[in-house]
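Student: I'd like to learn how to read side-chain features in a structure. Could you walk me through one?

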Amino acid sequence: PGHLFYENKGNKKEGNAYAKANHKFNNRFSGYLDLQYRIINYSADGNLKGPEPINVDENYEFFNPKAGVVYTHNAKNKFYISFARAHREPSRADFENGNPKPEELNDYELGWRFNTEKANLLVNFYAMDYTNQLALTGALDDVGTPIRENVGKSSRLGIEIEGTFVLGNRWTWQPNITLSRNRNQDFYFQRDGVLTDLGATRLSFSPALVAGNNIAFQL
């Protein structure tokens, strides 16, 4: 009784500028370009558990572009290819449990869309190349928050398929499935004070198979 578990104050300020352009080259090809620039200031000061001090003063500047090309084969079939670069800052819990770096991602996608009155299908191939991905370790901190750590180089490679199919006047079927390979490329782990290179390991909490199924009935 009377013990102060923590007392601190955090401030996060963010500003961003965004621009988007779409262009139709001809009846078959169209393209788009998205540009985003983010500025983030995050500060926190005070005491955590115990009292253990927390002192954060970070400034981030992120440039996140995305570009893609769409090919319309006919009224039912479209194909697309895209590239995106994205960044994400660490969360408050990440700062409380270490000295995290922001995540960086290069995302490459290639896909096919099939649309008719009774069926919609999407097949998408993706390759995600990460630097300093904040991955779950499986550990929890003192208040039960999952702990994340930067894992150096990592990647996600997969295919996702989702569809919507009309089955008569009242029934609709919506299945989806994702098959993926999720790996750390050069993961280092400190065990008993010794830094060990574990090499290529599976990304935690990232199953190779994720599937869902929805059947809807409209009254």
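Tutor: Happy to! Keep in mind that this is a predicted model.

Student: Which strand holds Leu-105, and is Leu-105 buried or exposed?

Tutor: Leu-105 sits in strand β5. Its relative accessibility is 15%, so Leu-105 counts as buried, the limit being under 20%.

Student: How far is Leu-105 from Arg-88, in sequence and in space?

Tutor: The two are 17 residues apart in sequence, and their C-alpha atoms are 8.7 Å apart.

Student: Let's turn to charged side chains. What should I look for in a salt bridge, and how many are there?

Tutor: Look for a side-chain nitrogen of Lys or Arg within 4 Å of a carboxyl oxygen of Asp or Glu. By this rule the model has eight salt bridges. One of them joins Arg-38 and Glu-14, with the closest N and O atoms 3.0 Å apart.

Student: Which parts of the chain does the pair of Arg-38 and Glu-14 tie together?

Tutor: Arg-38 belongs to strand β2 (residues 29–48) and Glu-14 to strand β1 (residues 7–24), so this pair ties together parts that are 24 residues apart in sequence.

Student: Where is the salt bridge of Asp-34 and Lys-20 found?

Tutor: The closest N and O atoms of Asp-34 and Lys-20 are 3.1 Å apart. This pair links distant parts of the chain, with Asp-34 in strand β2 and Lys-20 in strand β1, 14 residues apart. Asp-34 is buried, with a relative accessible area of 13%, and Lys-20 is partly exposed at 48%.

Student: What about Arg-88 and Glu-103?

Tutor: Their side chains meet in a salt bridge with an N to O distance of 2.8 Å. Arg-88 lies in strand β4 (residues 77–88) and Glu-103 in strand β5 (residues 103–115), so the pair ties together parts that are 15 residues apart in sequence. Arg-88 is partly exposed, at 46% relative accessible area, and Glu-103 is buried, at 6%. As for shared partners, salt bridges join Lys-12, Glu-14, Arg-38 and Glu-89 into one network.

Student: Next, the nonpolar side chains. Which residues make up the largest nonpolar core?

Tutor: To read a core, follow buried nonpolar residues that are joined through their side-chain atoms. Here the largest core has nine residues: Ile-40, Tyr-42, Ala-44, Leu-48, Ile-54, Val-56, Tyr-60, Phe-62 and Phe-95. Strands β2 and β3 (52–72) each supply at least two residues of this core.

Student: Which residues does Ala-44 touch?

Tutor: Not counting residues up to four places away in sequence, Ala-44 touches Lys-9, Gly-10, Ile-54, Asn-55, Val-56 and Arg-92.

Student: And which residues make the nonpolar surface patch?

Tutor: Phe-25, Phe-29, Val-69, Ile-81, Leu-110 and Phe-125 make a patch of about 580 Å². Take Leu-110 as an example: this residue is found in strand β5 and is partly exposed, with a relative accessible area of 47%.

Student: Last topic, the rings. How many aromatic pairs are there?

Tutor: For a ring pair, check the distance between centres and the angle between planes. The count comes to nine aromatic pairs. Phe-29 and Tyr-71 form a tilted one, at 5.0 Å centre to centre with 45° between the planes. This pair links distant parts of the chain: Phe-29 is in strand β2 and Tyr-71 in strand β3, 42 residues apart. Phe-29 is partly exposed at 38% relative accessibility, and Tyr-71 is partly exposed at 26%.

Student: Why does the pair of Tyr-60 and Phe-62 count as stacked?

Tutor: Their ring centres are 5.6 Å apart and their planes are at 20°, so the pair is stacked, the limit being under 30 degrees. Tyr-60 is buried at 8% relative accessibility, and Phe-62 is buried at 4%.

Student: Which residues form the aromatic cluster?

Tutor: Phe-29, Tyr-71, Phe-79, Trp-112 and Phe-114 form one aromatic cluster.

How values were computed. Residues numbered from 1 in each chain as written. Predicted model: local features only at pLDDT ≥ 70, side-chain atom pairs only at ≥ 80, totals over all residues. Heavy atoms only, no water. Helix = DSSP H or I, 4+ residues; strand = E, 2+ residues; numbered from the N terminus. Buried < 20%, exposed > 50% of the residue type's maximum accessible area, 1.4 Å probe, protein only. Core = buried A, V, L, I, M, F, W, Y, C linked by side-chain atoms within 4.5 Å. Contact = heavy atoms within 4.5 Å. Patch = residues over 30% accessible without salt bridge, like charges linked within 9 Å, V, L, I, M, F, W, Y side chains within 5 Å. Areas by Shrake-Rupley, 256 points an atom, 1.4 Å probe, with all protein chains shown as cover. Phe/Tyr/Trp six-rings, centres within 6.5 Å; stacked < 30°, edge-to-face > 60°.
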